[in-house]
Amino acid sequence: CHTFLPVGADDPTPEELRRWTVRWKYYLDPPEGWREGFAGGEELVKTYDRHPDCTIEVWRQNCGPNGRVQRVVKAIPRNIDITWKVPAVIAPFYIPEMLLGCELDDPSKTLERCSCKFMLDLVRRGYIVASNDCFHENYCDCPGLARNAFARWEVTGKKILTDWPSWNPMALKVHDAMLVTDLVCRDERVDTLKMAMVGHSLGGQSAFYAGCWDNRVKAILGSDFTFRWDRSYYDVSWYFGGKLSAMVADGLEPSQLLTICGAKPFMCIAGWYDDDTTWRDMLRAKGYADHPWDLAFINHRSGHAPPKWALDAGYNFIERKLRWESTDYTARPKGGI
């Protein structure tokens with residue numbers, strides 16, 4: 001099912017915008033004491049030049065108090081003309097290599113776990129793409145737990161809630177993703193007026209919340225991330241961490257973020273955790289009446305792994321909203337877009 005339906009929501013009232021923004025800021029913005037102990041900054045750690053489609057940069061970025069740092073992987077298309085600035089995509093996920101589908105130091109070693117290789121697909125379309133390790137990798141030590149062990153989420157989620165009782169791990173993911181946007185914006189090769197966020201599953205949650213909350217992001221693509229709170233585990237320790245009932249009592253629900261961000265272009269690709277009821281709830285967002293084509297929905301109904309045609313539709317949506325033609329940019333001769 002490939003659906004683009006008309007949207008008829010009214011514009012929000014100033015009081016609605018004020019009330020929703022204040023309440024969402026309480027749950028998403030860093031708590032008191034976080035910024036006081038955190039000074040930003042990043043450094044380039046290593047460059048890999050063996051991938052056939054891109055040059056890969058690994059950055060070390062300060063991302064919180066007490067010396068917390070995150071690893072950011074940036075993929076730059078080959079043969080881009082440095083006299084042109086190109087669009088960029090931030091793609092939050094668990095581990096960036098999974099979005100490239102290979103090990104950084106040896107592209108022949110493929111990684112098949114992730115069904116959405118956003119970094120590989122989008123760098124081939126000419127975007128500069130950046131992704132960061134999630135907090136389960138860098139918030140605290142997890143002795144005896146492998147890098148991709150699911151138990152790491154429980155350990156780190158509980159540690160975050162202990163250290164910052166008024167905050168939640170979902171908001172930390174938003175904070176970390178916005179720091180990646182900071183890093184990308186400082187890249188002179190990037191057209192900072194043409195930036196998007198994309199994500200699948202838990203990465204889709206990060207892309208949706210951070211993309212709505214970050215004014216520098218101009219379009220969002222989320223794949224099967226459970227737009228609706230009642231269709232996933234949003235209240236567990238590594239998501240909203242027990243705060244969900246209070247958020248619901250405050251009258252909050254996800255479509256308000258689309259309203260707050262000014263009815264930003266957003267496409268959801270459904271398949272398993274998202275279904276047609278997701279589209280119903282997306283239509284609660286206000287502000288799209290004059291540009292209903294900026295709210296889009298696809299339900300491929302084939303499980304948690306989206307087929308290529310659905311991903312291509314999502315990429316095309318992003319390109320239209322950024323107003324940039326990007327077909328096979330790396331194959332173009334040097335000299336400009």
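Helix H7 has twelve residues, which at 1.5 Å a residue should span 16 Å; the C-alpha atoms at its ends are 17 Å apart, which agrees. The expected span is 1.5 Å times one less than the number of residues in the helix. Helices (H or I, at least four residues) and strands (E, at least two) are DSSP runs, numbered from the N terminus. The model is predicted, with pLDDT of at least 70 required for local features and 80 or more for side-chain atom pairs, while totals for chains, interfaces and linings use all residues. Residues are numbered from 1 along each chain as its sequence is written, and side-chain values use heavy atoms, with hydrogens and water left out.

Twelve of the twelve residues of H7 are buried, so this helix is largely enclosed by the rest of the structure. Buried here means under 20% relative accessible area, exposed over 50%, and partly exposed in between (1.4 Å probe, protein chains only). Among the buried residues of H7 are Leu202, Ser206, Phe208 and Tyr209.

A search of the whole structure finds one cavity of 30 Å³ or more. A cavity is a set of points on a 1 Å grid over the protein atoms alone where a 1.4 Å probe fits but cannot get out, and lining residues have an atom within 4 Å of a point. Grid points are joined across faces, edges and corners, and the volume is the space filled by probe spheres set on the points. The largest cavity has a volume of about 50 Å³. Its lining consists of Pro92, Phe93, Asn132, Asp133, Cys134, Lys173, Asp176, Leu202 and Ser206. Helices H6 (169–185) and H7 (202–213) each supply at least two of the lining residues.

The whole structure contains 24 aromatic pairs. Rings of Phe, Tyr and Trp (its six-membered ring) pair if their centres lie within 6.5 Å; planes under 30 degrees apart count as stacked, over 60 as edge-to-face and the rest as tilted. The ring centres of Phe118 and Tyr315 are 6.3 Å apart and the planes are at 80 degrees, so this pair is edge-to-face. Phe118 belongs to helix H3 (residues 118–124) and Tyr315 to helix H11 (residues 308–322), so the pair ties together parts 197 residues apart in sequence. Phe118 is buried, with a relative accessible area of 1%, and Tyr315 is buried at 2%.

For Trp279 and Phe297, the ring centres are 5.7 Å apart and the planes are at 20 degrees, so the pair is stacked. Both Trp279 and Phe297 are buried.

Technical notes: 1 Å grid on protein atoms, 1.4 Å probe; cavity = no way out; pocket = protein on both sides within 12 Å on 5 of 7 lines; lining within 4 Å.
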